[in-house]
Amino acid sequence: MPWTRKHLITLEELSLTEIDQIHATAIAFKRTLSRSVKKVPALRGKTIVNLFLEPSTRTRMAFDMAAKRLSADVISLDGASSSTTKGETLRDTAQNIQALQADMIVLRHAAAGSALYLSRILDIPVINAGDGAHEHPTQGLLDTFTMKEHLGSLTGRKVVILGDILFSRVARSNIHALVKMGAAVTLVGPSTLVPLWFTDLGVKVSYDLRSALADAEVVMLLRIQHERQSSGHFPSLGEYTGMFGLNKTRASWLNPKAIIMHPGPINRGVEIDSELADGDRSVILEQVTNGIAVRMAVLYLCAGGQPELVMPTE
Ligand code: CP
């Protein structure tokens, strides 16, 4: 199957084949990252603009790295230093970037739907680097890529996502990918942050942390996304940590082979204790490293490249 998508806006709209194609291409690019010369000429002559109108460390740097490893020219623009502070709209900003001859825009924005909106008004590819509480597709792709490196096929694998699901774009993207890949996903957290309607997406909802952890092969922690919550969804952070934080005692309920994931940024001592974030079962920094190869694959494919013919682990 050839790759036909120009934009990457959601994982909800990708087929399982397309997810596999991105992962297969990322495997090929990951190999190039361990060579002494890490650059490939795939996007030489192209200019990619990283338009980050919301804070980011990992995603922005990984997109920067990925573009540079593909030999593209990269320009990064953040909200504080852009003319959006003078009242310029997202539409005008993006159309000016296109007029400046950019070949692709990577957008992070606080508004759900912003990347889709740009994809409809621009001629160049738009990559969603996180739009409000909606989706963070490259995070879902790198998370599932990392899970496959550890577990092989995700069919039937038990994945627990624990924390603030309601406001999490990472949770939504992971759910869409994992369900397509055949994983058994359970969402756990306070009922105010894990409403039962999530079951409509093909996952289970549980408020019994101990039994969910006992079953899990992967546990993914999410931070409390205060920046998106309009009112208190639980009495205090201390109470949240007391009931749902992953500490040594709760980690002892896990299968000894279970891996611990977190998309970052971590709030140490809130959703996860430091000894677990830094411990043997944590793959948190592997996720960050895999973010480069996965984003190389996405940039390459959306710029018109074709996927590796060899399918990955499944
Ligand atoms: N995981 C993630 O999106 O991190 P950043 O906000 O630092 O990019």
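1. Six of the six residues of strand 1 (residues 47–52) are buried, so this strand is largely enclosed by the rest of the structure. Buried means under 20% relative accessible area, with a 1.4 Å probe and protein chains only, and strands (E, at least two residues) and helices (H or I, at least four) are DSSP runs numbered from the N terminus. The model is predicted: local features need pLDDT of at least 70 and side-chain atom pairs pLDDT 80 or more, while totals for chains, interfaces and linings use all residues. Residues are numbered from 1 along each chain as its sequence is written, and side-chain values use heavy atoms, with hydrogens and water left out.

2. Thr47, Val49 and Leu51 point one way from strand 1, whereas Ile48, Asn50 and Phe52 point the other way, and all are buried.

3. Strand 1 runs parallel to strand 2, joined by six bridges, and parallel to strand 3 (residues 104–109), joined by five; pairing requires at least two DSSP bridges between two strands. Leu51 stands opposite Leu77 in strand 2, and Val49 stands opposite Ile105 in strand 3.

4. Ser82, placed in the loop between strand 2 (73–78) and helix 3 (90–99), is buried, with a relative accessible area of 4%. A polar atom of its side chain lies 3.1 Å from the backbone oxygen of Gly79. Leaving aside neighbours within four places in sequence, Ser82 is in contact (heavy atoms within 4.5 Å) with Leu53 and Leu77.

5. Lys148 lies in helix 5 (residues 137–151) and is buried, with a relative accessible area of 5%.

Definitions and conventions:
Buried means under 20% relative accessible area, exposed over 50%, partly exposed in between (1.4 Å probe, protein chains only). A polar contact is a pair of N or O atoms within 3.5 Å; within protein, one must be able to donate a hydrogen and the other to accept it, and residues adjacent in sequence count only if both atoms are side-chain atoms.
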